[in-house]
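Hi there,

I am passing a structure on to you, with some notes on what turned up in it. Please have a look when you get a moment.

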Amino acid sequence: MLNKKEQRLRRARQTRVRIALQRAARLTVFRSNLHIYASVISGDGSRVLASASTVEKEVREQLGARGKGGNTAAATLVGKRIAEKARAAGIEKVAFDRSGFAYHGRVKALAEAAREAGLKF
């Protein structure tokens, strides 16, 4: 019997196999209870091209009070930030890798904010 984390990682592996066949840069998301992280990884998976998270000093200042990194407002801010950094690195189109998390709540907010800021996926 698989536990919750193993089930999520199994879903993530299946998604990454499909993304690897596309040879596209991927926007990967990880969420914990307190923070959300986003990275743009090259098509071959060898290097991180851009990253943003609620741990960054600038983001923490915009969020205000301590402990505000685990909500949809924080995810929206990180989504906009990752899109800006990716476009600055010359990346316009990515494949969205939600790492086995449901496309709901914070993951959805991050994805929609990245789309609005100009990333295509």
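**Salt bridges**

The count of salt bridges in this model comes to 5. Please bear in mind that the model is a predicted one.

Arg 16 pairs with Asp 97 in a salt bridge whose closest N and O atoms lie 2.7 Å apart. This pair ties together distant parts of the chain, with Arg 16 in helix H1 (residues 4-22) and Asp 97 in strand S4, 81 residues apart. Asp 97 also forms a salt bridge with Arg 26, where the closest N and O atoms are 2.8 Å apart. Here too distant parts of the chain are linked: Asp 97 sits in strand S4 and Arg 26 in strand S1, 71 residues apart.

How accessible are these residues? Asp 97 is buried, at 0% relative accessibility. Arg 26 is buried as well, because its relative accessible area of 18% falls under the 20% cut-off. Arg 16, at 32%, counts as partly exposed.

Another salt bridge joins the side chains of Arg 81 and Glu 58, at 3.2 Å from N to O. Arg 81 belongs to helix H3 and Glu 58 to helix H2, and the two are 23 residues apart. Both ends are partly exposed, Arg 81 at 22% relative accessibility and Glu 58 at 43%. Glu 56, Glu 58, Arg 81 and Lys 85 together make up a network of salt bridges.

**Ser 99**

In the loop between strand S4 (95-97) and H4 you will find Ser 99. Ser 99 has a relative accessible area of 5%, so this residue counts as buried. Its side chain makes a polar contact of 3.3 Å with the side chain of Thr 28. Leaving aside residues up to four places away in sequence, Ser 99 touches Arg 8, Ala 12, Arg 16, Thr 28 and Val 29.

**Helix H3**

Helix H3 covers residues 72-88, and its 17 residues should span 24 Å at 1.5 Å a residue; the end C-alpha atoms are 24 Å apart, which agrees. Which residues of H3 are buried? They are Ala 74, Ala 75, Val 78, Gly 79, Ile 82, Ala 83 and Ala 86. In an α-helix, residues three or four places apart point the same way, because there are 3.6 residues a turn. The buried residues of H3 pack against strands S1 (26-31), S2 (36-41) and S3 (48-53), and against helices H2 (57-63) and H4 (106-116). Just after H3, Gly 90 adopts a positive phi of about 90 degrees.

Best wishes

Methods. Residues numbered from 1 in each chain as written. Predicted model: local features only at pLDDT ≥ 70, side-chain atom pairs only at ≥ 80, totals over all residues. Heavy atoms only, no water. Helix = DSSP H or I, 4+ residues; strand = E, 2+ residues; numbered from the N terminus. Expected span 1.5 Å × (residues − 1). Buried < 20%, exposed > 50% of the residue type's maximum accessible area, 1.4 Å probe, protein only. Contact = heavy atoms within 4.5 Å. Polar contact = N/O pair within 3.5 Å; in protein donor to acceptor, adjacent residues only side chain to side chain. Salt bridge = Lys/Arg side-chain N within 4 Å of Asp/Glu carboxyl O.
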